[in-house]
Structure formats: C-alpha cells, structure tokens
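Q: Could you walk me through the packing in this one?

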Amino acid sequence: MHAPTNGLEEPDENYHSYGLFDPLDVERLLKRFEAEGVRFRFASRTSQDSQYLRNDAIEIFVNRDDDEVAKKIMTDGWRL
C-alpha cells in the first residue's frame, strides 16, 4: 500500500517529485509502478483559479533507488 503524503514538501530525502499528473492518468501509471516494484508516494494538489474553476492534480514522488525503472515506464508510452 502506498500512502499519500500529507504536506507540500517531498516525503523524505529518499523520494523526489516526478511532477503533477492529471487524476485521470494517475491510476494507470501507478498500477504500472506497482507491477514493476517501483516504490512511490503521492499527494493531492488542488488550486482554485476562481470561484468556479478548480485545478486538481496528483503529485507523484518516486524512491530514488527506483529511478531507472520508473523512468523506463515513463518513456515506454504508459498513456497508450
């Protein structure tokens, strides 16, 4: 189980941010990470541009030791 982080900072020095992702894309990516044994954490990010407009995103943090596998997944066209 991969618990979400609870702050705006990186979870700890062993993890670093892979950026912000659309919530609709995240599930498929994280399933690939899990299948390949990539250790990750995530945090929900929400900002409100106006009274009616919200931007939701998921920030993904990957364990530095799993960088090589995670980068391969990211460049293998996981969105296809």
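The chat below goes through the core, an aromatic pair and a helix.

A: This is a predicted model, in which local features need pLDDT of at least 70, side-chain atom pairs count only at pLDDT 80 or more, and totals for chains, interfaces and linings use all residues. Residues are numbered from 1 along each chain as its sequence is written, and side-chain values use heavy atoms, with hydrogens and water left out.

Q: Which residues have the most contacts inside the largest nonpolar core?

A: They are F33, I60 and V62, in a core of 13 residues; such a core is a set of buried Ala, Val, Leu, Ile, Met, Phe, Trp, Tyr and Cys residues joined through side-chain atoms within 4.5 Å, where buried means under 20% relative accessible area, exposed over 50% and partly exposed in between (1.4 Å probe, protein chains only).

Q: And which element gives the most to this core?

A: That is α1, with four residues, while β1 (15-21), α1 (23-35), β3 (54-63) and α2 each supply at least two; helices (H or I, at least four residues) and strands (E, at least two) are DSSP runs, numbered from the N terminus.

Q: How many aromatic pairs are there?

A: The structure holds one. The ring centres of F33 and F40 lie 6.0 Å apart with the planes at 50°, so the pair is tilted (centres within 6.5 Å for Phe, Tyr and the six-membered ring of Trp; planes under 30 degrees apart are stacked, over 60 edge-to-face, the rest tilted).

Q: Is F40 buried or exposed?

A: F40 is buried, with a relative accessible area of 3%, and F33 is buried at 0%.

Q: Switching to α2, which residues are buried there?

A: In α2 (residues 67-75) they are D67, A70 and I73, whereas the face turned away from the buried side carries the exposed E68, K72 and T75.
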